[in-house]
Amino acid sequence: MSRRTRILASMYWVATMALTGLAIWVVAFHTPREATMGTIQKIFYLHLPVAINTFLACMVSFIASIAFLAQRRRVWDDLAVAGSRVAVQMCAVVLITGMIWGRSAWGQWWTWSPRLTFSLVLLLLYVVYFVIRGSVESPQRRAVVCAVYAIIAFLDVPLVYLSARLMPDIHPASVSLAPEMKRTLILWFLPVTLLNIGLIVTAFRVNVQTRLHAQNAFDPMADPLPAAAGKPAVGGAP
Amino acid sequence: MSDLGYTILAYVVGLGLTWGYGLLLVIRCMKFDNRGEGAES
């Protein structure tokens, strides 16, 4: 990574952190308490943006998997893995924050309502994606199998979205908010979306570099890493 | 636990998981960058 890129990346993370701090401050001290649910409703400002960003991460994995099957370039596989990894992590946060909210609002941690069930299925589908990755030895075959699987797994995303609208569900399908609450919700979308993009891009970079290292380890005569490109590779792979 | 306690718990767990994961990724990325620079020098 060049010095300029490193400075830009640092600025990106600092801005995301500052926005997260600002959003916490606004939700804690400036957003009014909801009349019927009280303080517990404030979980919603984190829960909804993370849920939407889970869909975005799943979409990145879906689009990258299609691109991989079309072009067979390994970078698309690296991006699909990054999207799936972040989708698992974000989906876990959605379920945990939802469960904590449910414990207080409904009096139970979990109920098998359509949206909750489809959300749990979504998490499990992307966990299985990594189980499959670990079980196929050939890298090329692994990438093809996982790309097909990721495309099928994405079909659960519209089910999660539509389940509360099309089926009787304890989970609210839509929420009407006061203008101040809407502003807080919009503010929370900023740091969560920046965090999501940052996680996907960083996970993608780690995947690419891990793959290049693995290739170099198998083939000492292979090209050096991009950071060392242009210089002679001394002593082969680490 | 009170409603405030549950709300704080949700934010701590939610943000802790996302930022914690982000930090891990950034550290891994920096390790690769340092290795690359080591190969360069």
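Modeller: Cys91(A) is buried, its relative accessible area being 4%. This is a predicted model, and Cys91(A) takes part in no disulfide, the nearest cysteine sulfur being that of Cys58(A), 6.8 Å away. Cys58(A) counts as buried too, because its relative accessibility is 0%.

Cys91(A) is one of the residues through which H3(A) meets H4(A). Helix H3 of chain A spans residues 74-105 and helix H4 of chain A residues 114-135; their axes come within 9 Å and cross at roughly 145°. The crossing of H3(A) past H4(A) is left-handed. On the H3(A) side the contact includes Asp77(A), Ser84(A), Arg85(A), Val88(A) and Leu95(A), and on the H4(A) side the residues include Leu116(A), Ser119(A), Tyr126(A), Phe130(A) and Arg133(A). By class, this contact of H3(A) with H4(A) has 15 nonpolar, 2 polar and 3 charged residues.

H3(A) also packs with helix H2 of chain A, residues 44-71: the two axes come within 7 Å and cross at roughly 160°. H2(A) is therefore roughly antiparallel to H3(A), since angles over 145 degrees count as such. The crossing of H2(A) and H3(A) is likewise left-handed. The contact of H2(A) with H3(A) is made up of 18 nonpolar, 10 polar and 2 charged residues.

Definitions and conventions:
Residues are numbered from 1 along each chain as its sequence is written. Chains are lettered from A and ligands numbered from 1 in the order in which they are written. This is a predicted model: local features need pLDDT of at least 70, side-chain atom pairs count only at pLDDT 80 or more; totals for chains, interfaces and linings use all residues. Side-chain values use heavy atoms; hydrogens and water are left out. Axes are lines fitted to C-alpha atoms, for helices over the stretch in contact, and angles run from 0 to 180 degrees between N-to-C directions. Helices (H or I, at least four residues) and strands (E, at least two) are DSSP runs, numbered from the N terminus. A crossing is left-handed if the near helix is turned anticlockwise from the far one by less than a right angle, and right-handed if clockwise. Contact means heavy atoms within 4.5 Å. Ala, Val, Leu, Ile, Met, Phe, Trp, Tyr, Cys and Pro count as nonpolar, Asp, Glu, Lys and Arg as charged, and the others, Gly among them, as polar. Angles under 35 degrees count as roughly parallel, over 145 as roughly antiparallel, 65 to 115 as roughly perpendicular and the rest as oblique. Buried means under 20% relative accessible area, exposed over 50%, partly exposed in between (1.4 Å probe, protein chains only). A disulfide is a pair of cysteine sulfur atoms within 2.5 Å.
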